[in-house]
Amino acid sequence: MNNFQIFNHISGLTSKMVTEKYSTSFSRASTLFKPEIRQHIYNIYGFVRFADEIVDTFHDYDKAKLLDEFEKNYRDALENGISLNPILHSFCTTQREKNILQHLVDAFLHSMRMDLGDIKDLNDEKYNEYIYGSAEVVGLMCLKVFVDGNEEEYQKLKPYAQSLGAAFQKINFLRDISADYTDLGRTYFPNVNFRNFSQQDKLEIEKDIAKDFEHSLIGIKMLPMSSRLAVFMAYKYYTNLFKKIKKCKPEILMHKRISVSNARKVYLFGEMILFKNLNFVR
């Protein structure tokens, strides 16, 4: 292994470490990917996680400046073929090798910039724009890895990947209503008055999420076996979280972040291991 290969390896390990430290659930699910896929998923996760941290977490810093620097360094890395930022270097490696379309990355960065603005009273168009850029395109980036250059498969599975990404993001919005509304002043869902978040509002949102989940499962069953089980694991985790959220009253969500217990996560992972050698998910 030459020095550049060592650098590539270290960059990939950094993306893996980011995944493991920020999301034990996603990290556990990622072990179900075939080895040739796993590192690319770590690389995508590291990139989107760091961008998300800039807009959601670094409150004592100039977020706009940080995001500007992050995007500039990303574009330089893509053009130059190298970056001393290991997260950007590993992501750009994946983008080049798996032909991740530039407009997907641009849409993601656009949604991150939306978070720097006034996320209040979004209309349906802006809401869908944000969902697409913050979540659906991440699913499409991963799909590019899953199909490994098969454009016909990519186009066939594309709408299902978007539905799954949208479902995950909408559940995140419900789960994080307290922090988003109280701490960040964000209200993503259109036509909802969060000063009086009603059961009917919640039911309408849940109906929309259920529709996304139902559609996405069709696509999960068509994924290559190299990625199907890991994606199904993520699906199972989020549907379990969804069940918990549905049982909560709106006022609870406004004051408490709902989560799946560690014991339940381990159980779900064990369930996936039992399916590991099967050719379908159920």
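## Aspartate 68 and arginine 113

With a relative accessible area of 41%, aspartate 68 is partly exposed. On this scale, buried means under 20% relative accessible area and exposed means over 50%, with partly exposed in between (1.4 Å probe, protein chains only). Arginine 113 has 29% relative accessibility and therefore also counts as partly exposed. A salt bridge joins aspartate 68 to arginine 113, with 2.8 Å between the closest N and O atoms. The two residues belong to distant parts of the chain: aspartate 68 is in helix H4 and arginine 113 in helix H6 (residues 102–116), 45 residues apart. Helices (H or I, at least four residues) and strands (E, at least two) are DSSP runs, numbered from the N terminus.

The model is predicted, so local features need pLDDT of at least 70 and side-chain atom pairs count only at pLDDT 80 or more, while totals for chains, interfaces and linings use all residues. Residues are numbered from 1 along each chain as its sequence is written, and side-chain values use heavy atoms, with hydrogens and water left out.

Side chains of opposite charge can pair when their charged atoms come close. A salt bridge here is a side-chain nitrogen of Lys or Arg within 4 Å of a carboxyl oxygen of Asp or Glu. The structure has 18 salt bridges. One of them is formed by the side chains of aspartate 56 and arginine 186, at 2.5 Å from N to O. It links distant parts of the chain, as aspartate 56 is in helix H3 (residues 35–56) and arginine 186 is in the loop between H9 and H10, 130 residues apart. Aspartate 56 counts as partly exposed because its relative accessibility is 24%, whereas arginine 186, at 6%, counts as buried.

Arginine 186 also meets the side chain of aspartate 115 in a salt bridge, at 3.6 Å from N to O. Aspartate 115 lies in helix H6 and arginine 186 in the loop between H9 and H10, so this pair ties together parts that are 71 residues apart in sequence. Aspartate 115 is buried, as is arginine 186. Elsewhere, salt bridges with shared partners join Asp68, Glu71, Arg75, Asp106 and Arg113 into one network.

## Aromatic rings

Rings of Phe, Tyr and Trp (its six-membered ring) pair if their centres lie within 6.5 Å; planes under 30 degrees apart count as stacked, over 60 as edge-to-face and the rest as tilted. This rule gives 20 aromatic pairs. The pair of phenylalanine 173 and tyrosine 188 is stacked, because the ring centres are 4.1 Å apart and the planes are at 5°. This pair links distant parts of the chain: phenylalanine 173 is in helix H8 (residues 151–175) and tyrosine 188 is in the loop between helix H9 (177–183) and helix H10 (199–220), 15 residues apart. Phenylalanine 173 and tyrosine 188 are both buried.

For phenylalanine 194 and phenylalanine 197, the ring centres are 5.2 Å apart and the planes at 35°, so this pair is tilted. One aromatic cluster is formed by Phe168, Phe213, Phe232, Tyr235, Tyr237, Tyr238 and Phe242.

## Charges over rings

A charge sits over a ring if NZ of Lys or CZ of Arg is within 6 Å of the ring centre and within 35 degrees of the ring normal. Lysine 246 lies over the face of phenylalanine 242, at 4.8 Å from the ring centre; phenylalanine 242 is also part of the aromatic cluster. The charged end of lysine 144 sits over the ring of tyrosine 154, at 4.4 Å from its centre.

Leucine 78 is in helix H4 (residues 63–80). It counts as partly exposed because its relative accessibility is 23%. Contact means heavy atoms within 4.5 Å. Apart from its neighbours within four places in sequence, leucine 78 is in contact with Cys92, Gln95, Arg96 and Gln102. Its C-alpha atom is 9.1 Å from that of phenylalanine 91, 13 residues apart along the chain.

Arginine 49 is in helix H3. At 19% relative accessibility, arginine 49 counts as buried. Leaving aside neighbours within four places in sequence, arginine 49 is in contact with Val18 and Tyr22.
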